[in-house]
Number of protein chains: 2
Amino acid sequence: MGVATNGTILRAGALEIRPEEFVVRAAGRPLRLTVRELQLLTALAQRSGRIVSREELYTEVWGEPFRKSDRSVDVYVGKLRHKLEDALPASSFIHTHFGFGYRFTPERKAP
Amino acid sequence: MGVATNGTILRAGALEIRPEEFVVRAAGRPLRLTVRELQLLTALAQRSGRIVSREELYTEVWGEPFRKSDRSVDVYVGKLRHKLEDALPASSFIHTHFGFGYRFTPERKAP
DNA sequence: GGCCCTCTTTACAGGTTCTTCACACCCCAT
DNA sequence: ATGGGGTGTGAAGAACCTGTAAAGAGGGCC
């Protein structure tokens, strides 16, 4: 069985993710995400604080084997970063770890 | 057990739904709906404010497993929208969430 | 039968999202 | 400082999703 998500509410800073209800709120306001964006954000938030490889993210979200040349994860990380930046400009959530993958952690940006 | 509907009156804007009595009123005037239309509208109104998948709506109203190719929910959403538009042109009730499903929420239309 | 009404299914158009590619830039080891 | 793989990202076409008209199927009634 996969990761338990029943009735789950994931919180991270001012973000509230309800995967079951297809809803993400940023400081109370609903965030407009596509299916893939929501899936990827959920996968990241479920692994909050850990560095996660593209392979792990890809197999979790896309449900098929990862090819090293596939850039889908990067593209969607970019889309998520942009939407999160629009909604919560004072925070950053998705951090790159060169050569390893991404880490989801809400951080206050440097002033 | 299913959703409790005993003696329930669902209200949403100028809409009043009495599932037990097979009656819907729009600003006091009875709305002429078929059985399926009433069932679907009731299912939506019982989940007011939430994004609901076609699958959930289909299994609730049709009482059988959902096939991805089945468009019945979409067709009936269209019929409901048309009748609600005729009765209450200033409001919109059923909102599409691309890739996820529908959300029932009474909203004043943009002027 | 013929008519009417409802429900189901299909087809197509139009719109949105997803995938892939290309290129620029970045990071690190040498 | 330089080289080479890693990462960010815009753009374009493919793939997928939704709205809706229309046709077919079934039942009830006269």
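**Around the DNA**

Student: Which residues come nearest to DNA strand D?
Tutor: This is a predicted model, to begin with. Around DNA strand D there are 18 residues, and the nearest are Asp74(A), Gly78(A), Thr96(A), Gly78(B) and Thr96(B).

Student: Which elements supply at least two residues each there?
Tutor: For the surface near DNA strand D, they are α3 (72-87) of chain A and α3 (72-87) of chain B.

Student: How do the residues of that surface divide into nonpolar, polar and charged?
Tutor: Near DNA strand D there are 6 nonpolar, 6 polar and 6 charged residues.

Student: And DNA strand C? Which residues come nearest to that one?
Tutor: Thr34(A), Arg36(A), Thr34(B), Val35(B) and Arg36(B), out of 21 residues around DNA strand C. Two or more residues of that surface come from each of α1 (35-46) and α3 of chain A, and from each of α1 (35-46) and α3 of chain B. By class, the surface near DNA strand C has 8 nonpolar, 5 polar and 8 charged residues.

Student: New topic. How many residues does each chain give to the contact between A and B?
Tutor: Chain A gives 5 residues and chain B gives 5 residues. The side of chain A that touches chain B has 3 nonpolar, 1 polar and 1 charged residues.

Student: Back up a bit. How many helices and strands are in chain A?
Tutor: Chain A has 3 helices and 7 strands. Along the sequence the pattern runs β-β-β-β-α-β-α-α-β-β.

Student: What is the radius of gyration of chain A, and what would a compact globule have?
Tutor: Chain A has 13 Å. A compact globule of 111 residues would have a radius near 13 Å, so the two agree. The C-alpha trace of chain A spans about 35 × 35 × 20 Å along its principal axes.

Student: What about the sheet? In which order do the strands lie?
Tutor: The order is β5-β7-β6 in chain A, an open sheet of 3 strands with antiparallel pairing. β5 (51-52) and β6 (91-97) of chain A stand at the edges. Each has a single partner strand, so one side of each is left without a neighbour in the sheet.

Student: How many bridges join β6(A) and β7?
Tutor: There are 6, in the antiparallel sense, with β7 covering residues 101-108 of chain A. Ser91(A) stands opposite Arg108(A) of β7(A).

Student: Now the inside. Which residues have the most contacts inside the largest nonpolar core?
Tutor: Val24(A), Leu40(A), Leu41(A), Leu44(A), Leu57(A) and Leu80(A), in a core of 23 residues. The elements giving two or more residues to this core are β2 (15-18), α1, α2 (54-62), α3 and β7 of chain A. α1(A) provides the largest share, 6 residues.

Student: What does Leu40(A) touch, leaving out residues up to four places away in sequence?
Tutor: Leu40(A) touches Leu57(A), Val61(A), Tyr76(A) and Leu80(A). Apart from this core lies another one of 21 residues, among them Leu33(B), Ala45(B), Ile51(B) and Val77(B).

Student: One more residue. Is Val73(A) buried or exposed?
Tutor: Val73(A) is in helix α3 of chain A. It has 23 other C-beta atoms within 10 Å, so Val73(A) is buried. Beyond its neighbours within four places in sequence, Val73(A) is in contact with Arg54(A), Leu57(A) and Tyr58(A).

Technical notes:
Residues numbered from 1 in each chain as written. Chains lettered and ligands numbered in written order. Predicted model: local features only at pLDDT ≥ 70, side-chain atom pairs only at ≥ 80, totals over all residues. Helix = DSSP H or I, 4+ residues; strand = E, 2+ residues; numbered from the N terminus. Rg over C-alpha atoms; globule rule 2.2 N^0.38 Å. Near = placed C-beta within 6 Å. Nonpolar A, V, L, I, M, F, W, Y, C, P; charged D, E, K, R; others polar. Pairing = 2+ DSSP bridges. Contact = placed C-beta atoms within 7 Å. Buried ≥ 20, exposed ≤ 12 C-beta atoms within 10 Å, placed from the backbone. Core = buried A, V, L, I, M, F, W, Y, C linked by C-beta atoms within 7 Å.
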